Amino acid sequence: MTTRHVPVAIIGAGPAGLTLSHLLHLDGVESVVFETRTRKDVEETVRAGVLEQGTLNLMRATGVGERMEKEADIDEGIEISLDGHRTRIGLTEHTGHHMAVYAQHEYLKDFIARRLADGGEILFETTVDSVIGIDGAADGDVCTLQYTDAEGTHTLTADYVVAVDGSRSQFRGLILEQEGAIRARHDYPYAWLGVLVHAPKTNPELIYATHDAGFALISTRSEGVQRYYLQCNPEDTEEEWPDERIWEELHKRVDSEGVTVQEGEIFEKSVLRFRSAVTSPMQRGRLFIAGDAAHTVPPTGAKGLNLAVADIAALAPGLIRAVKDKDTELLDQYSDIALPRIWKAQHFSYWMSSMLHAIPGESPFEAGRRRGELRSVLESEAGRKYLAEQYVGRDLPTFPDK
């Protein structure tokens, strides 16, 4: 058994964990990041990524945006298709901001490279087995982590622990044990079949398409690789969607004047189920959660990664003050600062999803009302502006230096 101490222990090398470690380092606070997967797995697990203006600004301001600026698709608008008629939502026109299509694993590559270049410690293939001491409130109290790697079992102490270990978080339960803590959940009656395709771009900007047969999304990963999504049943498997069926449904739901879905070799298929969840509070004593460990959203509004970054923008200043100045006032407010933003994002994601997806078994009235709501948004200047404002997101939380 070996023991050491760090100010902040971070469980999980996803967007939240790596962003937090980077921001702490920039302010002179040491951390260690634990990750059960290999570096290769973290960097090669392909997941969608749409970066809001706040996330883009953070990457640029903290020195991690150089590759993103060169390789990301910077989009100033999105298109929404209803019955084959497309309406462009001008993001920059309405907000002065843009967004970037930049896959999550590319974001992780950038932050891993920067942390390692800065001498940061990321322990891949390492599992945190337990955390104790999270309720210690006195000066000098610490948390004790037991973790296992290829060489055996070790212990580490930390002033604070941040669990950002995904939607199946091992440590969220410690927070939910508190009196009054809740995990609010909602399951959706539809899912997405996501496919990666070797093909040229179908359209310069994203297309969100609603149709009687269901929703479809046309996105891009690079000049030669595209990401398409089709609404499907949550119980569907990838085997139930042969290539021929995929192309038939994509053309039916998306093709319109001037746009034809570009076909190619489909080299990956996966079913993505829709769930919303919010944990409140997001802290207990010296333990904090963020990102998917704290909340999940359906992908329709492209909020997942960006909410994780917003959590960290709220959490990092509190941790820095607590470690450097022994001042926990801001840290104690973390949940109160983060949760209102999270619920706004939940509303937008739910709203977008409910307008764009055909609900299984919906009545003619329900289908007509849903389409009427979407038309009301698309045909109104105020509606298009509201959608654009929500899509590009809000500025990240900032706090004055003390």
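# Briefing: sheets, aromatic contacts and enclosed spaces

Three strands, in the order E3-E7-E4, make up an open sheet with antiparallel pairing. Its edge strands are E3 (50–51) and E4 (73–75), each of which pairs on one side only. The model is predicted. A search of the whole structure gives 16 aromatic pairs, and the structure also holds two cavities of 30 Å³ or more.

- E4 and strand E7 (residues 99–101) run antiparallel and are joined by three bridges.
- Asp73 has Val101 in E7 as its bridge partner.

- Strand E13 spans residues 207–210, and both of its faces are covered.
- Ile207 and Ala209 are buried on one side of E13, and Tyr208 and Thr210 are buried on the other.
- Strand E5 (residues 77–82) runs parallel to E13, and four bridges join the two.
- Ser81 is the residue that stands opposite Ala209 of E13.
- Strand E14 (residues 216–220) runs antiparallel to E13, with three bridges between them.
- Tyr208 has Leu217 of E14 as its bridge partner.
- The hairpin of E13 and E14 has five residues between the strands. Gly214 in this hairpin takes a positive phi near 130 degrees.

**Aromatic pairs and cluster**

- The whole structure contains 16 aromatic pairs.
- One of them is Tyr208 with Tyr391, an edge-to-face pair. Their ring centres are 6.1 Å apart, and the planes stand at 90 degrees.
- This pair links distant parts of the chain, with Tyr208 in strand E13 and Tyr391 in helix H13 (residues 381–392). The separation is 183 residues.
- Tyr208 and Tyr391 are both buried.
- Phe288 and Tyr334 also form an edge-to-face pair, at 6.1 Å centre to centre and 65 degrees between the planes.
- Phe288 belongs to strand E18 (residues 287–289) and Tyr334 to helix H11 (residues 334–356), so their pair ties together parts 46 residues apart in sequence.
- Phe288 and Tyr334 are buried as well.
- One aromatic cluster takes in Tyr188, Tyr190, Trp192, Tyr208, Phe215, Tyr229, Phe274, Tyr350 and Tyr391. Tyr208 and Tyr391, the edge-to-face pair, are thus both members of this cluster.

**Charges over rings**

- Arg245 lies over the face of Trp241, 3.6 Å from the ring centre.
- Arg286 places its charged end over the ring of Tyr160, at 5.4 Å from the centre.

**The second largest pocket**

- The volume of the second largest pocket is about 560 Å³.
- Its lining has 22 residues. Asp27, Ala313, Pro317, Thr398 and Phe399 lie nearest the centre of the pocket.
- Helix H3 (53–61) and helix H9 (304–325) each supply at least two lining residues of this pocket.
- H9 gives the largest share of the pocket lining, with seven residues.
- The pocket lining is made up of 11 nonpolar, four polar and seven charged residues.

**The largest cavity**

- The largest cavity holds about 70 Å³ of space.
- Its lining consists of Glu52, Lys303, Asn306, Leu307, Arg341, Ala345, Gly393 and Arg394.
- H9 and H11 each contribute at least two residues to the lining of the largest cavity.
- By class, this lining has four charged, two polar and two nonpolar residues.

**The second largest cavity**

- About 60 Å³ of space lies in the second largest cavity.
- The residues lining the second largest cavity are Asp75, Lys201, Thr202, Asn203, Pro204, Glu205, Leu206, Ile218, Ser219, Thr220 and Gln226.
- E14 gives the most to this lining, with three residues. E14 is also the strand that runs antiparallel to E13.
- The lining of the second largest cavity divides into five polar, three nonpolar and three charged residues.

Technical notes
Residues are numbered from 1 along each chain as its sequence is written. This is a predicted model: local features need pLDDT of at least 70, side-chain atom pairs count only at pLDDT 80 or more; totals for chains, interfaces and linings use all residues. Side-chain values use heavy atoms; hydrogens and water are left out. Buried means under 20% relative accessible area, exposed over 50%, partly exposed in between (1.4 Å probe, protein chains only). Two strands pair if DSSP finds at least two bridges between them. On a 1 Å grid over the protein atoms alone, a cavity is a set of points where a 1.4 Å probe fits but cannot get out, and a pocket is an open set with protein on both sides within 12 Å along at least five of seven lines; lining residues have an atom within 4 Å of a point. Grid points are joined across faces, edges and corners, and a volume is the space filled by probe spheres set on the points. Ala, Val, Leu, Ile, Met, Phe, Trp, Tyr, Cys and Pro count as nonpolar, Asp, Glu, Lys and Arg as charged, and the others, Gly among them, as polar. Rings of Phe, Tyr and Trp (its six-membered ring) pair if their centres lie within 6.5 Å; planes under 30 degrees apart count as stacked, over 60 as edge-to-face and the rest as tilted. A charge sits over a ring if NZ of Lys or CZ of Arg is within 6 Å of the ring centre and within 35 degrees of the ring normal.
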